[in-house]
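Reader: I am new to this structure. Please show me how to read its features.

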Amino acid sequence: MSDQPDTVHAATPDDGQAQGRDLGPSTGNGGSLPRETLVKAIAALVIVLILAGALAASLIGSSVKSKPRNVPFGVVGSSALVSAVGKQVSLKPIRYPNASAVHQAIDQTKIYGALIPGAKDTLIVVPAASFALQLELGAAFREAAAKAHTPLVVQQSHPLPAADPVGAVAELLLLPLLIGGYLASVLLTKVTGIALGPRRMATLVGYAFVGGLLTDLLVGPLIGAYANSHFWILWPIFALITAAVAVAAAAIMRLLGVWGTLVVFFFFIILGGSSNGGSGIPLLPPFWHAIGPYLPAQNAVVVIRNTLYFGGNGTTHAFVVLGLYLLVGVAFGSFFKRRRPQQPSGGAAAATTAAATGSGKARVSPVVGALLVVAIMQCLFALNYTTADRNPVASNLPFGVVGASSLVTQVQKHMSLKTIQYPSQAAVHEAFDQAKIYGALVTGQKADTLIINEAASEYAPIPLAANFATAAKQLKAPLKVQASNKPPSGDPGGVIPSLVLIVLLVAGYVGSTALMSVTGTATGPRRVAGLVVFAFVAALLLDLISGAFAWGWPIHQFWPLWPIMALVILTAALVASVLEKLLGALGTFLTIMVMILFGNPSTGGAVGVPFLPSFWRHLGPFLPPRNGLTAVHSTMYFNGHGMTQAIVILGIYAVVFGALSQFLGSYRTPPLPLDVAPETQMQSTGMSIAGTAIA
């Protein structure tokens, strides 16, 4: 961290001497930093560690502790099945007089399912309300009915369309809208030096309509994630969500200054993103269930989902909350304008003064430039994450077979499998342990057995079980289903690796940007050593939070995971360091593109690489995030099997970019365009990356 600083901001000819910074090329000797700068560097990295730790704890706590709690469930009459299921799944039974009243309650989003007794009991599930809950309720009631020898019919109300088969679109749309609102606020504040005022509010609201329109066009008509008939109603909704976040963020930053950015980060991103309830609000743990209704994220998801699938019913509370965020922000803006007018400061003041004496074009160009950057970011988040995650369809899913069975042939008519022959069931389990296959069919004399490798994918067991069950029914062939390699109880869905990866990437590149903000240089001989130390400290913290504290994975994997997590953090940090050295603020933007806008969607997450569309499936192996997830996931749940290539690629990135950082340390950093100071880079880009946690 002891680098000779160089220029990172627009400066007057005397600024270098006045601030103790060398405006010319660095000597490359790695001279010691002044004590004050060293203290600031350590403080900045501590802040990054705190935010990364909070993000990890919130993401993991809200996900791995997810289970049904007090699920509103309709009941007509009485049934022993409801009592039996209630012992396994936490239900909140609500009595209705007849089936018509049940369907009306479903239309109004008051319940997530219902049981109607009869000659055959009828279970009604609501996939559009929660894809995960309809699976949970269906499995629980089928099991209870089988034990009680009670005939059961399962019906769907408000099924999901083919364009959104797992109900992910509403949550995916939250990502660009939330990020667009926040970044518009923070970047406009920086280029003008004023956080809030009548013109600022008008600009933010105007951008909200533009950003909402772009998101609507991309996700609707272009991608086809929802019907074109929803286009016009969703546009003002998207604008409201973006404006509510933007104006509220501006008000908080105006009130609290630089600390306002951290407050917005904590409440809107860390807490709001984790409590958005995209998988189903009753699945949230108590703390996140309690705070979600009062934060923008959950209300945005409710408005979008209920508009798409329930005719806008059940959105009153959400609209009120979003409207209050917008109106309170406007009220604060009016108050500050009259009582405590804000004057531009620092570089923004100089830019404002210069622009005031220039042409109209000069006056608006920084604002237009900032909003253009935000619009590009918002469009890429909408386009990339929606195309990668909304419709998981298997492509050549590695699948083991012992013997020969017509079931596999029947399933392959509907699901793409890459079958691999094994001589015995023992060989299949060995392949499971080495993370080579997602499932297998073992033929038998009385019945075939489908074995599912649950630790390999959160999603693969669903289509595998469904397709083989359907095939067995069509062929009238007996079939048994078994689970193998179950994730630990602390991470039943096997989602911790994908969640931890997000935090590792955030910690790496935001840590590098934080050092640049206080030392004045992006690279240098001692910068690499400083980033190595930071990577190991951050990895230790995240290792403790994700494992030892959350009990999310086997504790004996603690020590192997530590250096692997450190390698992922270091790779992200070194890439950011070099790109920021070469390109300044544009390098930060490019880092976001490599790591977050293209890298993270191409990992496959907890779903699995075979379920990615072709573009993302083939892009991932060349970028650090896919290899980072492979290394972390393999170490956590497969004792390190299948991660050699991933470690080699990460090592190549670290060595190459580390060497470039050393070499480029003798050249000064280019000035940041639009007079965006490095500390604002750290805040705004850290926020944007952490926003990926929402998805």
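Author: What follows is a short tour by question and reply. This is a predicted model: local features need pLDDT of at least 70, side-chain atom pairs count only at pLDDT 80 or more, and totals for chains, interfaces and linings use all residues. Residues are numbered from 1 along each chain as its sequence is written, and side-chain values use heavy atoms, with hydrogens and water left out.

Reader: How many helices and strands are in the chain?

Author: Helices (H or I, at least four residues) and strands (E, at least two) are DSSP runs, numbered from the N terminus. The chain has 25 helices and 10 strands.

Reader: What percentage of the residues is buried?

Author: Buried means under 20% relative accessible area, exposed over 50%, partly exposed in between (1.4 Å probe, protein chains only). Of the 695 residues in the chain, 57% are buried.

Reader: How do I read a sheet? What is the strand order in the open sheet of 5 strands?

Author: Strands of a sheet pair through backbone hydrogen bonds, either parallel or antiparallel. Here, two strands pair if DSSP finds at least two bridges between them. The order is 7-6-8-9-10, and the pairing is mixed. Strand 7 (417-421) and strand 10 (479-484) are the edges, each pairing on one side only.

Reader: Where are the salt bridges, and how many does the structure hold?

Author: Side chains of opposite charge can pair when their charged atoms come close. The cut-off for a salt bridge is a side-chain nitrogen of Lys or Arg within 4 Å of a carboxyl oxygen of Asp or Glu. The structure holds 2. One joins K40 and E36 at 3.5 Å, N to O. Both lie in helix 2 (residues 35-64), 4 residues apart, about one turn of the helix. K40 counts as partly exposed because its relative accessible area is 45%. E36, at 55%, is exposed. Another joins K147 and E143 at 3.3 Å, N to O. These two lie in helix 5 (residues 131-148), again 4 residues apart. K147 is exposed, at 63%.

Reader: Which element gives the most to the nonpolar patch?

Author: Patch residues have over 30% relative accessible area and no salt bridge; like charges are joined within 9 Å, nonpolar side chains (Val, Leu, Ile, Met, Phe, Trp, Tyr) within 5 Å. Helix 12 gives the most, with 4 residues. The patch includes W259, L324 and L255. L255 is found in helix 8. L255 is partly exposed, because its relative accessibility is 42%.

Notes. Areas by Shrake-Rupley, 256 points an atom, 1.4 Å probe, with all protein chains shown as cover.
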